[in-house]
Each structure stands twice: as C-alpha cells, then as structure tokens.
Amino acid sequence: MKPVEIKKDIFWVGAVDWNSRDFHGYSLSPRGTTYNAFLVRDEKTVLIDTVKSDHLPELLCALAQACGGEPKIDYLVVNHLEPDHAGCLDCIVERLKPEKIFVSPMGEKALRSYFHNSKDWPVEVVPTGSSISIGKRTIQFIETRMLHWPDNMVSYIPEDKIAFCSDAFGQNWASTERFADEVDRGILTRLMADYYANIVLPYSPMVLKTLDALAALKLDIDMLCPDHGLIWRGYDDVAFALGSYRELALQKPANKAVIVFDTMWHSTEKMALAICDGLVSEGVSVRIMSVKHNHHSAVMSEVFDAAAVIVGSPTHNNGILPLVADVLTYMKGLRPQNKIGACFGSFGWSGECVKILAEHLAGMGMEMIEPSVKVKNRPDHETFQACFELGQKIGAAIKARLAA
Ligand code: FEO
C-alpha cells in the first residue's frame with residue numbers, strides 16, 4: 001500500500017497481511033492483520049518498527065514513497081523484537097545503514113539473541129526516561145515490560161502528541177482504512193478483545209500497572225499507534241482505547257457461561273445440552289463450543305469474559321480426549337481470572353475424565369461447582385436431570401458472584 005501521512009511528516013509505512021489466519025502459530029486471525037511501521041521525517045529521518053520479513057518489499061516500497069525517492073533512514077527505533085515487527089531488522093540495517101538503532105534495555109538482550117550478526121550494529125539502549133532529539137521533535141521512551149514481552153516500549157513524540165505503542169491497543173484486522181474512526185466500532189472492539197484474550201491476558205496485572213504509570217506521566221496523547229490494526233485518532237478515541245484496556249485487564253465476568261467439550265459417541269455432547277438448559281433456566285447466556293468445531297483461540301475469546309467455564313470429555317485411555325487437553329493447556333497459559341468451573345463426561349469402563357478435568361480447572365484457580373456429572377456409556381433421564389441441576393447450580397453461583 002501507499003504510505004499514509006497520519007500527521008504532518010509522519011507516515012504509516014507498514015504492510016497489510018490480508019492472508020494471515022494463523023497469528024503467531026497459535027491464534028486465529030480470521031480478518032487478517034497489519035504490521036504497522038511509521039516514518040518520521042525531521043532533521044533526522046526515523047523509522048519506528050518494521051514488519052514481518054515476508055512483507056519487507058512492501059515496507060521498502062512505502063519507505064521509498066514517503067522519502068520521495070530511495071528509502072533512507074537515519075535512526076531506527078525498535079519498540080519490540082518479536083519477528084512480526086523485527087523479523088527483517090537485519091535486512092533493513094544492512095540495506096539502509098541507520099546511524100543509530102534505539103532499543104529498550106531488554107530489547108538489546110532480545111536483539112543480540114535474535115541477530116547474531118548484530119555485534120557491530122550502532123545500538124543505543126534507551127531506558128524509561130531517556131529521550132533523543134531528531135530536529136524539531138524529540139522522542140521519549142517508556143518501557144512497557146511484559147506488555148506483552150519483556151522488551152516492549154512506547155515511543156512518544158510530545159510535539160505531535162503521538163505515541164507508538166507496539167502491540168498494546170492493537171487488533172488483528174487487515175483493512176484499507178488506517179484509523180479506528182473509519183471502521184465499525186463494534187467489530188473493532190471485539191477484535192481488540194480477541195487480541196487481548198489470546199495474547200496479552202496473562203500479563204493483565206502488568207497492564208494495569210503500566211496504564212497507571214502512563215497516566216502518572218500525564219502524557220498529552222491525541223494519537224495512539226499500535227503495531228497491529230487501526231490507529232486511535234483524537235482524544236476521545238485515545239481515551240476509549242486506554243479505558244478499554246483497563247476494562248479488559250480487570251477481567252470482570254459477564255452473565256455468560258462457556259461449555260467446552262469433545263465427544264466420541266455423543267453422550268458427552270448430550271450432557272452439554274442438558275447443562276446448557278439448566279444455565280438458561282437461571283437466565284445465563286451460554287456458548288456451547290465443541291472443540292472439534294472451534295479452535296482453542298476462538299474458545300478463549302469466549303471464555304475471556306465468561307463467568308463460568310464448564311468442560312466435558314469422555315474418558316479416553318484413562319485420560320481425556322486430546323483436543324480438550326489442548327484447550328485446557330492453552331487456557332492455563334493465559335491465566336484467566338475470576339472464573340467458576342465445573343466438569344462432566346461419559347465413560348466406558350474406568351471413568352477418570354471428570355477427576356482430571358476438575359484438577360485442570362481447580363489448578364487455574366476456578367471456584368469449582370460440585371458434584372461433577374459422569375455417566376457410563378449413555379446418559380439416561382436421571383443423568384440429564386443431574387446435568388440440568390448442575391447447570392442451575394452454576395447459574396446460581398454466577399448470579400451470586402455478579403451480585404457481590
Ligand atoms: Fe505483534 Fe508481540 O508482536
């Protein structure tokens with residue numbers, strides 16, 4: 001795409017990845033994504049972040065156009081070393097030979113371990129509080145460790161009231177629009193939450209601290225530029241993005257339950273439906289998610305704001321079915337908070353399923369609702385009644401929690 005001038009002499013020079021569906025190899029990105037990079041033209045020409053390596057030609061093309069000829073940079077700011085933003089760093093350094101490369105203290109460690117040929121690169125470490133002059137403008141640096149890697153930082157230009165915020169406040173959305181105010185707000189908000197639920201969630205305590213630290217700095221920001229998706233433009237939208245992140249980090253549960261299950265011969269599936277009926281009778285909104293039909297990241301997007309997670313599996317070889325184990329492993333790593341948990345399943349002879357499921361959920365700190373329901377082979381009327389009552393009991397626990 002052509003560069004887009006987002007403020008006077010500041011250009012978006014990133015790439016739109018319309019075909020991205022498997023973001024980072026673990027999370028779905030059904031609407032694609034973007035790798036945002038920015039060029040600031042002042043006495044020094046500064047490139048802020050780069051793109052995923054297979055999009056290097058697009059970056060070079062946009063840079064050439066923004067520079068009015070051959071691509072040329074004096075400084076390179078690397079807010080984040082993950083390869084979707086820094087995978088082509090060696091090519092950029094070799095080709096454009098920046099005078100200086102600015103990274104956070106943790107960024108330097110990451111840079112050295114990713115780029116073994118970087119010994120002679122002109123790297124300067126810029127911890128929180130440091131700034132550089134690029135002519136009429138300055139760039140201030142603020143480390144945002146674990147949002148979502150140790151090396152992340154924000155680069156802020158006070159003269160333009162613009163902050164380049166790396167992965168924070170981003171969304172996976174390939175679009176021809178560049179600004180949040182040009183797209184559907186409902187979809188955008190959902191995509192930002194999906195990104196948060198699958199990537200940033202484990203670091204929620206750090207997000208809250210970072211938001212407090214940024215507020216304490218009283219930065220005057222009227223444009224917030226994430227490295228993925230749409231740019232937040234204007235004070236209202238910047239406040240919306242900051243406020244949304246605080247809400248996401250607080251993980252307040254909604255009146256919603258997610259039933260996640262796998263099934264062999266449909267016994268566990270039928271139990272899921274009966275539990276759903278019990279929840280619905282208590283006024284709870286329910287998502288029923290078969291792991292055969294829902295990727296673990298889609299499950300996590302729903303689990304994120306649910307008050308309860310109910311997991312079902314048949315017993316299989318003295319364990320649980322592999323796709324259920326996959327979802328539970330993924331969920332555990334993302335450390336969701338404030339959840340109620342419950343389990344169910346069917347079995348043929350040994351019947352360990354619910355014990356194993358309960359250990360997983362309790363291990364994530366969930367408040368477990370008992371008794372779990374398990375049935376040998378096919379559920380009968382009594383089993384369905386037990387499932388319905390489990391759903392009711394979970395519904396009552398959700399109500400109590402939301403009222404507290
Ligand atoms: Fe978009 Fe952490 O990389």
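**Cores, sheets and aromatic pairs in a predicted model**

F169 touches M192, L211, L224, P226, W232, A241, L242 and Y245, when residues up to four places away in sequence are not counted and contact is taken as heavy atoms within 4.5 Å. The structure is a predicted model, in which local features need pLDDT of at least 70 and side-chain atom pairs count only at pLDDT 80 or more, whereas totals for chains, interfaces and linings use all residues. Residues are numbered from 1 along each chain as its sequence is written, and side-chain values use heavy atoms, with hydrogens and water left out.

F169 also belongs to the largest nonpolar core, which has 61 residues and in which F169, Y196, L224 and Y245 touch the most other members. A nonpolar core is here a set of buried Ala, Val, Leu, Ile, Met, Phe, Trp, Tyr and Cys residues joined through side-chain atoms within 4.5 Å, where buried means under 20% relative accessible area, exposed over 50% and partly exposed in between, for a 1.4 Å probe and protein chains only. Helix α5 (residues 185-200) supplies the largest share of this core, with nine residues.

For the chain as a whole, 56% of the 404 residues count as buried, and the C-alpha atoms fill a box of roughly 80 × 40 × 35 Å along the principal axes. Among contacts with a separation of 6 or more, 71% are accounted for by residues 24 or more positions apart. The chain has 12 helices and 25 strands, assigned as DSSP runs (H or I over at least four residues for helices, E over at least two for strands) and numbered from the N terminus.

Two open sheets can be described in terms of strand pairing, for which DSSP must find at least two bridges between two strands. One of these sheets has seven strands in the order β1-β2-β7-β8-β9-β10-β11, with mixed pairing; its edge strands, each pairing on one side only, are β1 (4-7) and β11 (123-125). From one strand to the next, the twist averages 25°, with axes fitted as lines to C-alpha atoms, for helices over the stretch in contact, and angles running from 0 to 180 degrees between N-to-C directions. Within this sheet, strands β7 (residues 38-41) and β8 (residues 45-48) run antiparallel and are joined by four bridges, and V40 stands opposite V46 in β8. Helix α1 (residues 56-67) lies across β2 (10-12), β7 and β8, and runs at about 20° to β7.

The other open sheet has six strands, ordered β12-β13-β14-β15-β16-β17, and its pairing is likewise mixed. Its edges are β12 (131-133) and β17 (232-233), each of which pairs on one side only. Three bridges connect β12 with the antiparallel strand β13 (residues 138-143), where Q140 is the residue opposite S131.

β18 pairs in the parallel sense with strand β20 (residues 306-312) over six bridges, and A308 in β20 is the bridge partner of A257. Six bridges also join β18 to strand β19 (residues 285-290), again in parallel, with V258 opposite R287 in β19. Between β18 and β19 the chain passes through helix α8 (residues 267-281), and this β-α-β crossover is right-handed, in the sense that, with the strands pointing away from the viewer, the path from the first strand over the helix to the second runs clockwise.

Aromatic pairs were searched for over the whole structure, and 12 were found; rings of Phe, Tyr and Trp (its six-membered ring) pair if their centres lie within 6.5 Å, and planes under 30 degrees apart count as stacked, over 60 as edge-to-face and the rest as tilted. The rings of Y75 and F102 form an edge-to-face pair, because their planes stand at 80° with the centres 5.2 Å apart. This pair links distant parts of the chain, with Y75 in strand β9 (residues 75-77) and F102 in strand β10 (residues 100-103), 27 residues apart, and both residues, Y75 and F102, are buried. The pair of F115 and W121 is instead tilted, because the ring planes lie at 35°, with 5.4 Å between the centres. F115 counts as buried at 8% relative accessibility, and W121 is likewise buried, with a relative accessible area of 11%. Together with Y114 and W149, F115 and W121 form one aromatic cluster.
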